[in-house]
Amino acid sequence: MSNQSQNEFNESSVTLQTFVLFLVATFSGLLVAVLLLPIFLPNMAFSLSGDAPKAYWYLSRATAFISLSLLWLSMVLGLGITNKMARLWPGMPATFAIHEYVSLLGLAFALFHALIILGDHYINFTLLQLLVPFATLEYRPFWVGIGQIGFYVWLIVVISFYIRPLIGQKSWRLLHYASFGLYLMGIMHGIFSGTDTSMGWAQNYYWYSAGSLIFLAFMRFVGSLINALFPVKKQTPVQRSSQR
Ligand code: HEM
């Protein structure tokens with residue numbers, strides 16, 4: 001990437017206010033769903049309450065897949081940035097901005113996915129159990145813990161967008177590579193702790209999601225290898241005109 005384009009992307013495309021707004025919106029949604037809806041709109045919340053409310057569990061499972069899909073999309077866009085496909089469409093600055101927005105949105109969905117389980121009374125997780133890795137002793141603590149660690153790694157990656165001038169481009173890039181580990185943690189967590197893993201559609205989803213990312217990462221690796229082995233020398237306008 002040229003110095004000019006590096007500077008272009010040196011600042012986060014999502015303002016800090018938007019980042020905080022996303023988190024506040026997620027918490028407000030949770031508050032309405034888990035606490036206020038059953039109090040103020042008992043009829044509407046009927047399906048959310050009762051002895052064994054299932055709606056919170058469905059909401060958690062649905063947002064889990066949305067979150068993993070947004071992480072996938074953000075990584076596809078990230079690989080697009082680095083393998084230069086995005087130069088053609090929609091252009092580097094737009095791809096970078098969408099990449100960042102999508103990652104932030106995915107993180108908000110992950111937070112919703114984790115905390116909405118508080119409304120489900122099948123296992124009765126406490127807030128502490130949901131926030132502290134490997135603490136869900138009653139339900140697959142190891143694989144849920146991997147998801148929890150993934151969530152914190154994701155948070156660090158998102159925060160790194162805002163502190164890039166502080167930590168420098170090299171450390172930021174290194175931190176950014178943690179996204180691959182994060183995706184691996186997310187998908188393993190989903191496969192080994194999710195209820196839907198036994199379903200054919202979920203298995204297909206995991207195969208296509210991981211397969212497409214591996215393919216893109218491989219293409220990028222091959223591209224960098226070719227660039228390293230056969231560097232294309234850029235010609236100056238004078239060299240170009242002297243060849244004519
Ligand atoms: C604090 C962090 C997290 C907690 C406490 C948590 C908790 C859970 C639990 C308890 C389940 C099992 C639900 C069930 O199917 O019965 C689950 C499933 C799942 N989680 Fe998480 N998770 C967290 C982070 C994440 C993250 C960061 C992702 C995505 C990158 C994710 C994606 C998934 C997926 C795809 C499933 C499978 C859902 C299904 O099969 O229906 N989770 N999670």
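Q: Why is Thr18 called buried?
A: Thr18 has 19% relative accessibility. Buried means under 20%. Thr18 is under that cut-off, so it counts as buried. This is a predicted model, and the value is computed from it.

Q: Where does Thr18 lie?
A: Thr18 lies in helix 2, residues 16-40.

Q: What makes the pair Thr18 and Thr15 a polar contact?
A: The two side chains come to 2.7 Å. A polar contact needs N or O atoms within 3.5 Å. The value of 2.7 Å meets that limit, so the pair counts.

Q: How do you know whether Phe96 is buried or exposed?
A: Phe96 has 6% relative accessibility. The cut-off for buried is under 20%. Phe96 therefore counts as buried. Phe96 is found in helix 4.

Q: What makes His113 and His189 donors of the iron atom of the ligand?
A: Their NE2 atoms lie 1.9 to 2.0 Å from the iron atom. A donor is an N, O or S atom within 2.8 Å of the metal. Both NE2 atoms meet this limit, so both are donors. His113 lies in helix 4 (residues 92-115) and His189 in helix 8 (residues 178-193), so the pair ties together parts that are 76 residues apart in sequence. His113 and His189 are buried.

Q: Why is the site of the iron atom of the ligand called octahedral?
A: The site has 6 donor atoms, with angles of 88 to 179° among them. Six donors count as octahedral if opposite donors are over 155 degrees apart and all others between 65 and 115. The site is octahedral by this rule. Ideal angles for six octahedral donors are 90 or 180 degrees.

Q: Which residues come nearest to the ligand?
A: There are 26 residues around the ligand, and Trp57, His113, His189, Thr195 and Asp196 come nearest. A polar side-chain atom of Trp57 lies 2.9 Å from an oxygen atom of the ligand. For an N or O atom in the side chain of Asp196, the distance to a ligand oxygen is 2.4 Å. For Arg61, it is 3.4 Å.

Q: Where does the ligand sit, and which helix gives the most to the shell around the ligand?
A: The ligand sits in the largest pocket. Helix 3 (55-82), helix 4, helix 6 (141-162) and helix 8 each give two or more residues to the shell. Helix 3 gives the most, with 7 residues.

Conventions: Residues numbered from 1 in each chain as written. Predicted model: local features only at pLDDT ≥ 70, side-chain atom pairs only at ≥ 80, totals over all residues. Heavy atoms only, no water. Donors = N, O, S within 2.8 Å, 3.2 Å for Na, K, Ca; no water. Tetrahedral: all angles 85-135°; square planar, octahedral: opposite > 155°, others 65-115°. Helix = DSSP H or I, 4+ residues; strand = E, 2+ residues; numbered from the N terminus. Buried < 20%, exposed > 50% of the residue type's maximum accessible area, 1.4 Å probe, protein only. Near = heavy atom within 4 Å. Polar contact = N/O pair within 3.5 Å; in protein donor to acceptor, adjacent residues only side chain to side chain. 1 Å grid on protein atoms, 1.4 Å probe; cavity = no way out; pocket = protein on both sides within 12 Å on 5 of 7 lines; lining within 4 Å. Sits in = over half its atoms within 2 Å of the grid points.
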